[in-house]
Amino acid sequence: MEITKPETNTNNQWHTISGEETLQSLHSSPTGLTQSEAESRILRFGTNELIAEKRESPLILLFNQFKSLLIIILIIAAGVSFWTDGVAEGISILIIVLLAGVLGFIQEFQADKAIESLQKMASPHAQAIRDGVELHVEASQLVPGDIIILKTGDKIPADGRLIEANNLKIEESSLTGESLAVEKSSGIIEGKNIPLGDRKNMIYSGTTISYGRGRAVIVATGMKTEFGKIAGMLQSTKNRRTPLQENLDQLGKKLGIFSIALAAAMSGIGLLRGYPFEKMFIWGVALAVAVIPEALPAVVTISLALGVQRMVKRRALIRKLPAVETLGATNIICSDKTGTLTHDEMTIKKIYVSGKMYDVEGAGYTPEGQYRFEETPVTAKEDKDLHNLLKFGTLCNDTILQNTDGTWSILGDPTEGAIVVAAAKAGIEYSILRDEFPRLDEIPFSSESKRMTTMHKVKGRLEAYSKGAIEVILNSCNAQYINGEVIELTEEARAHLLAKAASLSENALRVLAVSAKVLTAKVFNQKEIESDMVFVGMVGMFDPPRAEAKTAIDTCFTAGIKPIMITGDNKITAKAIAKSLGILRKGRAMSGSELDELSDEEFEHIVEETEVFARISPSHKLKIVTALMDKGHIVAMTGDGVNDAPSLKKADIGVAMGITGTDVSKEAADMILTDDNFASIVNAVEEGRSIFENIRKYLVFLLSGNMGTVFALVYTLLAGLKIPLTAVQILFINFIMDGLIAIALGVEPPEPGIMNRKPRNVKEGILNKDTIVLIGFIGILIAIVTTGVYVWAGSSGFTDEQAKTMFFLTLIFARLFNGFNCRSLEQSIFTMKFWSNKGLIISSLVSLAMSILVVSVPFLQQAFTTTLPNPIEWLGMIVAAFFIIVVVETVKWLFKRMAS
Ligand code: ATP
């Protein structure tokens, strides 16, 4: 199938021709393109993507490593070293600089890659028709001529001409600035070159559907779309830095200034003690480099990115990186009930019509199960009212039941699916009904209206069928069916029906009522249609709670997190389910209407005691999240609908549903659950806590080690001893610790007890009082051990070179042992699984092997001014360094005892 360039075909005047003509000129049809044609069009038109800013090439990334001021100074120092200390020392410095540059490159490259793959994962999808079949395709794979299906909450993936529009309203503010949703239709619109906002039969990429359904044929993709044309202005692909990254940048800068001042001061003392200038210059540079945690930004990015990848495996997709930090501090999770805490697999268990309560057997979506009345099996079709309820409920429905390879499932909404399945159990087939009573129009379901109405042609007459929440349906009825007769709906009858509904709700059943009406006028006016209806009956459906949600709720309580249930269901049903899940404990349950009666202040007073919110509309959610945040809580809030977007944006952590969520909610969210499961939020919190903790561990390890080195050097200088470390040795230790060990600590798996602690205070920085004390304490300890060995060696007849080598090796051992200490800042390492951080073990062994080479290979011995110790000396140094583990572990134990 050959086509001419569609974008020049009508000079972007698609709105002036009909849908059929558009299809023809794009060589498409209502059954869509063939798969092979779509694939060949991708080659011709390119993918449906905005061309993102080019990433830096790996070569430039590598080159950038050597552009930093520190490295340049180091290279100069290496030059000076060639001249003063000889070739071996100069080359060694250069090699270390080179290795550090390459390692920095690998770290940054990995971090970039990890972020890129995360961005890919969050790529949008669309419903398209190809070869006549509905498919879920990646939005990037759409081509001109593709037919796409549009529904409430979708983000429009490309520009298109509508071929069908059903109450379709689109929010186009991103393109036209008009914030009110525009009503769309599929007819021809006259007038070439009219503004985009007036082209009511067109849809534009980047806008969102706020209501209704429709179909469109794509006319432009990627950079050819109206959105693509202005994309240059919108390309803000720059990675946002997280507050933590910003804080650490600041810390890095402060440490930088501190280290330069320190190095200058110490080199000054060295000069006063009579060391030559060139030597003190190189030494000072090395010292400054050693104190600055150069790898800090890369370690933080890698631990964030890898942590986020671990979250993906645990079904939580992070959209905004700063969310990771906030996640760890979350102390309230507001969760929707249906689908998140429950399976969202509705099965009708009870049906109440004409004063009779029927039981319906069976589970899930398999249409097998007996109808019973007072234990006796009955034929559902024989009760006219029951038959009507099933028939009307099925017609007022967009969900179909399907059987693939013997397994029954539904395509659509579970609440609706439950009715279709119950009808099928009674032998009523949706596909037959649909043809017999064609739908003429509809008023779609919304979480605000809590009802849906459809209009049908029934034997030359017009009839409307409604289904929805019991009180909503009852409010719109003035009569009821009793044994096929229409009789008045008295106040008494209303009270009776509400009592019946309450009894169903108490058993954790969702109640849905059905009503009907014969329409006289052909004019469809929503208010008129949904009033003076006839009540038909009600159904009670069960949605089993998720077993893993119950466990996750228990975890929340031990982790100091309060779970709150928010549901569109009624209060009694909500309370029953919340109790069974363990959410409703000592607190209260409140309904949306009760909430409406409270002033903001009154609500703020009781919001913290409330554990369940029922009959909630999306606007209530915003009120709830605002009140909780005003009270100083860190709130995660779930949502799936279009109107949930404001509360998702407002919450500290907006959580959207990956399966049932609309594009609009996903776009507003910080995190998407790929399995819609509450347990995944709790898992993500655990990962969030552990990422933060890992960065803290890395900082404690690095800063305490650096402090230890500095303290030891200050002491030896002030005490008039010979400087124990050469510039090359300082750089070598820095390379091992900053490069290898730090990364391994940054990716430590979550600590087992991390969910037994209370949430972190969000106001507290990464370096809180305790960690600063710990850093100082370990630093002093390292200094005591290393200078102890040095002083002892100096006074025990060892040569200068031997004593310095011992200092060098003891410092390395002490810092490596410290790496193991820092695997947990609270738990004893003896209670942790030794092998669970293999990276740390491997990098420690590699560091050890490198250190052995440095003291045993003659060339390196010369460059590093080292000698080979004998076995007894090795043992002595290891035992001395092990002291670090003994003391730090004892302190951890003491703290634990004091805390308990
Ligand atoms: P939750 O908030 O717990 O996730 P939900 O999102 O399913 O629940 P809504 O979809 O807002 O809640 O539903 C609220 C009420 O609207 C339900 O209790 C039910 O009475 C009614 N309802 C739900 N789905 C439909 C539908 N497809 N047609 C008509 N009424 C519906």
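**Notes on the predicted model**

1. Arg-41 and Glu-37 sit four residues apart in helix α3 (residues 35–45), so about one helical turn separates them. Their side chains form a salt bridge, 2.6 Å from N to O. A salt bridge here is a side-chain nitrogen of Lys or Arg within 4 Å of a carboxyl oxygen of Asp or Glu. Both Arg-41 and Glu-37 are buried. Buried means under 20% relative accessible area, exposed means over 50%, and partly exposed lies in between (1.4 Å probe, protein chains only). Helices (H or I, at least four residues) and strands (E, at least two) are DSSP runs, numbered from the N terminus.

2. A word on the basis. This is a predicted model: local features need pLDDT of at least 70 and side-chain atom pairs count only at pLDDT 80 or more, while totals for chains, interfaces and linings use all residues. Residues are numbered from 1 along each chain as its sequence is written, and side-chain values use heavy atoms, with hydrogens and water left out.

3. The structure holds 39 salt bridges. One of them joins Lys-151 and Asp-154, with the closest N and O atoms 3.3 Å apart. Lys-151 is partly exposed, at 42% relative accessible area, whereas Asp-154 is buried, at 11%.

4. Glu-667 and Lys-155 form another salt bridge, their closest N and O atoms being 2.9 Å apart. This pair links distant parts of the chain, 512 residues apart: Glu-667 is in helix α26 (residues 663–668), and Lys-155 is in the loop between β3 (147–151) and β4 (159–171). Glu-667 is partly exposed, at 38% relative accessibility. Lys-155 is partly exposed too, at 27%.

5. Salt bridges also link up into a network, made of Glu-693, Arg-696, Lys-697, Glu-751, Arg-757 and Glu-826.

6. An oxygen atom of the ligand is 2.9 Å from a polar backbone atom of Gly-568. A ligand oxygen also lies 3.1 Å from a backbone N or O atom of Lys-337. A ligand nitrogen is 3.3 Å from a side-chain N or O atom of Glu-416. Alone, the ligand exposes 620 Å², and the protein buries 91% of that. Accessible areas come from the Shrake-Rupley method with a 1.4 Å probe; for residues, only the protein chains shown count as cover.

7. A nonpolar surface patch covers about 970 Å², and its residues include Phe-82, Trp-83, Ile-91 and Leu-853. Patch residues have over 30% relative accessible area and no salt bridge; like charges are joined within 9 Å, nonpolar side chains (Val, Leu, Ile, Met, Phe, Trp, Tyr) within 5 Å. α5 (69–84) and α6 (87–121) each supply at least two residues, and α6 gives the most, with five. Phe-82 lies in α5 and is partly exposed, at 31%.

8. How many disulfides are there? A search of the whole structure finds zero. A disulfide would need two cysteine sulfur atoms within 2.5 Å. The sulfur of Cys-334 is 11 Å from the closest cysteine sulfur, in Cys-556, so it is too far for a bond. Cys-334 is buried, at 0% relative accessibility. Cys-556 is buried, at 0% as well.

Key:
Polar contact = N/O pair within 3.5 Å; in protein donor to acceptor, adjacent residues only side chain to side chain.
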